[in-house]
Amino acid sequence: MSAQAAPSGVLTIRFLDVGQGDAVLITSPEGKSVLYDGGRSEARLQGLLTQYQVKSLDLVVASHADSDHITGLVPAVQTFKPKYFLNNGLAGTTQIWQKLVTTAKLAGTQGLRAKNQVINLGSVKLTVIPPPPGMKDQNTNSVGLLVQYGSFRALMTGDSETPETRAWLKQLPASTLGPIDVYKSIHHGAKNGDNAAWLAAVRPANVVIGVGPNNYGHPTAEAITLYKKAGAAIYRTDLNGTVTVTVQPGGTYTLSAAKGTGTAATRTQAPPSVTPPAAPSVVYANCAAVRAAGKAPLLRGQPGYSPKLDRDGDGRACE
C-alpha cells in the first residue's frame, strides 16, 4: 500500500492543506471515511483526495455554509456520492451553496440536520455537537464534531465565535469537552474564535490551524498567545502542510506534518505518579512463631496480626 493512503487498522485524521480554509479527512480503522469541510477550492480538494487515495466517503459534513469550508465538498460529493450530508440546517446564500445542494441531490446524498447524536464510523465514535438555539449567523451556527477512538479525542468546531462557545459551555457536560488530544483551531485563529474560557475547558494538547495566505490576519497573535498559554503544540497548514494524526487501537497517537515539525508544546508535564511498593504480607502460623520473631504482643493493625491469634479479642495477640 502506498504511504500516502490511510493505513488500515488505525484511525487516521488528516488536516488537509487547502489554503485559507478548513478540510479534515477522517478514516476509521475499517476504512470508512468522513470529510469535515472541504476548503475553498474544488480543484485543490479533488487533488488531495486523489493524493491520499481516498476510495469512498460515507459522510460529508459542512461545519457551516461559508465558501472556505464547503467549496471542496462539491467534487467530494460528485465523486463519492456519500450517503449523508450533515449540516447546520441554515441555508447559505452563495452560489457555491446552491451548487453543493444541487450536487448532493443529483448524487442521491441525503441532507442530515445536526442534532445531538452519535455516528459510528466503524469503531470510531463521532459525537455531533449541534449549534445551540438562538444563534444568529453562519459562524455561530457551526457544527462541532468530537472524534473518539479508545482514549483518543479530537475536536472540531468550525468557525464558532464566543456566543456559541459560551452557550456550549453552559449546556455540554465537561466530559464532552476536555482534555482534547488534537484540536482544530476555531476560525483559522481569528480574534473572535477561541477564547480563554473555552480553551480552559477544552484543554488541547495539540492545536492545528487551517490557514493559508489571507488578508484577514489569520492566525492572530491573540489566538497564538491563547494556544501557548494552554500549553499546546501548534501546527499550521500554511507552514506545516497537511498534518496527519495516526491513532492506534487504545488511543496512543502520533502527529506528523508534511513540512516542519510545528511548535513544541509548552505544557509542563506532571511528574509521573509513584506508587510505593506494597509491604510484604506477614503471616504467623501461631504465637510461638510470633514470639520467635520477637513481635509479641501483636497489636491490631500491625503486620501479622490475626484474630485467630487474638483469643480474647482485645486487639492484642499473643500476649
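Is D17 buried or exposed? D17 is buried, with a relative accessible area of 17%. Buried here means under 20% relative accessible area, exposed means over 50%, and partly exposed lies in between (1.4 Å probe, protein chains only). The model is a predicted one: local features need pLDDT of at least 70, side-chain atom pairs count only at pLDDT 80 or more, and totals for chains, interfaces and linings use all residues. Residues are numbered from 1 along each chain as its sequence is written, and side-chain values use heavy atoms, with hydrogens and water left out.

Start with the charged pairs. Side chains of opposite charge can pair when their charged atoms come close. A salt bridge is counted when a side-chain nitrogen of Lys or Arg lies within 4 Å of a carboxyl oxygen of Asp or Glu. The whole structure holds five salt bridges. One of them joins D17 to R44, with the closest N and O atoms 3.2 Å apart. This pair links distant parts of the chain, 27 residues apart. D17 sits in the loop between β1 (11-15) and β2 (24-27), and R44 sits in helix α1 (residues 42-51). Helices (H or I, at least four residues) and strands (E, at least two) are DSSP runs, numbered from the N terminus. R44 is partly exposed, at 38% relative accessible area.

Another salt bridge is formed by K99 and E42, at 2.8 Å from N to O. K99 lies in helix α4 (residues 95-107) and E42 in helix α1, so the pair ties together parts that are 57 residues apart in sequence. K99 is partly exposed at 37% relative accessibility. E42 is partly exposed as well, at 24%.

E222 and K191 also meet in a salt bridge, at 3.8 Å from N to O. Here E222 belongs to helix α7 (residues 221-229), while K191 lies in the loop between β11 (180-184) and α6 (196-202). The two are 31 residues apart. E222 is partly exposed at 43%, whereas K191 is exposed at 63%.

Next, the open spaces. On a 1 Å grid over the protein atoms alone, a pocket is an open set of points with protein on both sides within 12 Å along at least five of seven lines, and lining residues have an atom within 4 Å of a point. The largest pocket has a volume of about 240 Å³. Its lining has 18 residues, and A6, T27, G31, Q53 and K55 lie nearest the centre. By class, that lining has eight nonpolar, seven polar and three charged residues.

The second largest pocket has a volume of about 180 Å³. Its lining includes K32, D58, K83 and Y84. Strand β7 (residues 117-121) gives the largest share of this lining, four residues. Six nonpolar, two polar and three charged residues make up the lining.

Seven strands form an open sheet in the order β7-β8-β9-β10-β11-β12-β13, with mixed pairing. Two strands pair if DSSP finds at least two bridges between them. β7 and β13 (233-236) are the edge strands, each pairing on one side only. From one strand to the next, the twist averages 20°. V207 stands opposite I234 in β13.

Terms used: 1 Å grid on protein atoms, 1.4 Å probe; cavity = no way out; pocket = protein on both sides within 12 Å on 5 of 7 lines; lining within 4 Å. Points joined across faces, edges and corners; volume = space filled by probe spheres on them. Nonpolar A, V, L, I, M, F, W, Y, C, P; charged D, E, K, R; others polar. Axes fitted to C-alpha atoms, helices over the stretch in contact; angles between N-to-C directions.
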